[in-house]
Amino acid sequence: MREPTRRTAAELARAIHAREVTSVEVTRAHLDRIAAVDGAVHAFLHVDAEGALAAAARVDAALDAGRAPVSPLAGVPLALKDVFTTVDMPTTCGSRMLRGWRPPYDATVVSRLRDAGVVILGKTNMDEFAMGSSTENSAYGPTRNPWQLDRVPGGSGGGSSASLAAFEAPLAIGTDTGGSIRQPGAVTGTVGVKPTYGGASRYGLVAFSSSLDQGGPCARTVLDAALLHEVIGGHDSMDSTSIDAPVPPVVAAARQGATGDLAGLRVGVVSQFSGEGYQPGVLRAFDTAVAQLRALGAEVVEVSCPSFDYALPAYYLIAPSECSSNLARFDGMRYGLRDGDDGTRSAAEVMALTREKGFGAEVKRRIMIGTYALSSGYYDAYYGQAQKVRTLIRRDFEAAFERVDVLVSPTTPTTAFPLGERVDDPMAMYLADLCTVPANLAGNAALSVPCGRSDDDGLPVGLQVMSPTLADDRGYRVAAAYEAARDAAEGETLIHAVPELEVATR
Amino acid sequence: MTLTAELMPYEDVLERFEPVLGLEVHVELSTHTKMFCGCANRFGAEPNSHVCPTCLGLPGSLPVLNGGAVEAAMRIGLALNCSIAPWCRFARKNYFYPDMPKNFQTSQYDEPIAVDGSLALLLDDGSEVTVGIERAHMEEDTGKSWHRGSSTGRIHGASHSLLDYNRAGVPLIEIVTKPITGVGQRAPEVARAYVTALRDLLRALDVSDVRMDQGSLRCDANVSLMPRGSSAFGTRTETKNVNSLRSVERAVRHEMRRQAAVLVGGDTVTQETRHFDESSGTTVAGRRKETSEDYRYFPEPDLVPIAPSQEWVDRLSATLPELPWQRRARVQADWGLSDAELRDLVNAGALELVVATVDAGAPPAEARSWWVSYLSQQANSREVELAELPITPARLARVVELVGEGALTTNLARRVVDGVLAGEGGPDEVVQARELAVVSDDSALQAAVDEALAAQPDVAEKIRGGKIAAAGAVVGAVMKATGGQADAKRVRELVLARCAP
């Protein structure tokens, strides 16, 4: 098989299942690629070569024995965001607090991947506890954008998206609390999907903001993302907020979309996501994409969602509030870092020292904001108001979806920004999630699909497609149709325009 | 204020002040599993043997609500005449403490499952007081800290602490009264009677072990005083660590006397948590906090709201067991008891036991007599609660049955009961092992009678001469010779037949 790392997951699965190539060969090719380029990219915090090859060998053995593949992705490698618990690998969440922590249990998403024969290569880098938009908040150093190594890969799931763009893995898992799957997807020219809230289990996903966190698939093509979505999605009795309904037929929708017909589909362009603060090249790429959708038969209208203007401030009250409570458990008493336990200090003092040392600046900032917002006397003005805004945003979505089938916008206001540019300016950093947070606050489905490159800096741009709750399939259909049309027009998938990385010699 | 606070004589307290009580009772439910995970809910297991990622609060873990605990909470609410909320939620109560794995407690806050009820109490003199119930809400228990290296077992002065998370996540129901006013000098008694009534109710519902000594029923007593003639509540204290019914009464009484002395001395009562000291019968101030704790409550995002359907509520309501006050009324009517007899039965803590004994087949009069007299004496001498005696109502019923059949005399029956209490097995086993059966074999008795008559020839002569009353001495001798195992009536018959003129 021609260079396995350049293939899609669907192609790899087909070839493995047809025994044209073994899962071990495919896995080894990806491990080799990681060894060659990850020094420059730093997408991974931990690579489990031995475990991955063993898992691949098990898939090969079953196939060689004549058994049917356990899933459409059996034997295909994957990169896992280091925010999901794994019994056989450390789970650090990009934090010094959890350096080397080995959980005693697998996240539900991880069990489902293992049960499906997906080969987990390792754990990917992320902003500490998923708080950030650039992966610069990782305690283990930043990940670099394969498109341009002095640029950020987005965040918090920059490691997962960069691993795809660097051809270190054909599939990845991310989590999206305010855009942490879609925004890195957009700036690395890859596909990132935030399923409907409750669409994939949160059990074993180390919580940042429980009412917003959502795990989801990352891939280089819409179909690959859909295949992965069906593996990890569905009800889990261990997660009370997981939806007890069948997974939307996203694979079928992706296949149907790829036929290129969007006749009769109503697409709404969110009028709030344009204008000041948006990079002109991003807007031009977005307009070209909208024109493409129209050409595919979609009926495009402009839709106003006035409450979206308040989404970012509401998000930056709700998410820190929940995080201030969720991260309280990191106190050095039971697991992870413990600092200052020299026999002279009280438990409270050890807790304080541990948290001082274990958390980075952004995590501390959010814990403080959230602690303040929940304090008595301030609760109504901050957390209470933010929840009201959340309701208004949900209503804006409901009203919009009465008029249109999906909403579209740029995924991010700008392309990947230079490393270090926004680290001292939290507000500028937060703006990277401007277009993505409304779907987290309302809980509906949204994804980002590559939509060409910005003509002003040559970096990838993402098209965000938002669909109603539990209508995830609509987004896949639109994204697949758009993807097929764009690839046909350009002659190749966008990701293949990514520069060759300098390969380290082994 | 000195450490050993002045106390005002109780009578003087009441002359000047009216006490106001508020009682918060925490009940550990006896569900099979914990509130939010599948771990066994078991008291007294090897430390940290019933734990999992969820009750240890490990990163990534999530709670799943125990439906059985919700049902128990609703039944408690219904039995307390509360309204069941058509929609309610959990919240997070945020504070740092090492025995709390997540550093927040998942608890109901402003949206409890049951509100606005009442509980009728029977006081020692048979009068009734109704206490208003503010709310009953669900929460999870914390782990348990064992502070080591200090003389008191409290954290102050300890060198280190051991943590057992078996209790972390055990379902708790907190039941809070409305302010109890107007009970005057009976406040301490009312407090005890309330906890007693609540314990009996929970026992009837079979939702908890209700063992104060094991912490499955815990009472915090809020006490304040208002000057006679005033209607504004005074500053209250909350006394914790009140681990027995008697302590509830003592703690309230002590706080009333202490606060009265403080107020009369011109000081103000400090709003604080105090600990009851069992040995001295006094309360001691807890560590004073610089600032009042801000728990930063907010709705628990990891759980979905609970919306019990009306059908569910109705079904639970219809299937509540007979509650203590209903049982009292029924028993009094069925057994024809006077108010005083009923009161004695209740005060002895014997009502449930007698009912159970009757249910096991014993006649009410006998069952009542056993529990209220002989067994109460046994409990007293052993210094345990009646219910803690190692005899079941079913076994007692068997003893009563044997007496009824004539197989045991009352005297023998007591010795059988002694055997059962001594752990020698069931009544039939004790009868056999101790050879306590009534000697009803006439030939054996006849021999004993002849022996006795031969030993007392003058008495035998008198009987033959028609002095039947003299037979008593012979009967006594036979009873003595047979170790009390003979049926005295039969012995008398045999004596008279032998001496028939």
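This passage goes over the overall build of chain A, then the cysteines, then one aspartate in chain B. The structure is a predicted model, so local features need pLDDT of at least 70 and side-chain atom pairs pLDDT 80 or more, while totals for chains, interfaces and linings use all residues. Residues are numbered from 1 along each chain as its sequence is written, chains are lettered from A and ligands numbered from 1 in the order written, and side-chain values use heavy atoms, with hydrogens and water left out.

Chain A has 16 helices and 11 strands, counted as DSSP runs numbered from the N terminus (H or I, at least four residues, for helices; E, at least two, for strands). Its C-alpha atoms fill a box of roughly 65 × 55 × 45 Å along the principal axes.

For A:Cys435, the nearest cysteine sulfur belongs to A:Cys451, 12 Å away, and A:Cys435 is buried at 0% relative accessible area. B:Cys219 is buried too, at 2%; its sulfur sits 17 Å from the closest cysteine sulfur, in B:Cys82, which is too far for a bond.

Next along chain B, B:Asp220 lies in strand β10 (residues 217–227) and is buried, with a relative accessible area of 7%. Beyond its neighbours within four places in sequence, B:Asp220 has contacts (heavy atoms within 4.5 Å) that include B:Gly22, B:His26 and B:Lys240.

Definitions and conventions: A disulfide is a pair of cysteine sulfur atoms within 2.5 Å. Buried means under 20% relative accessible area, exposed over 50%, partly exposed in between (1.4 Å probe, protein chains only).
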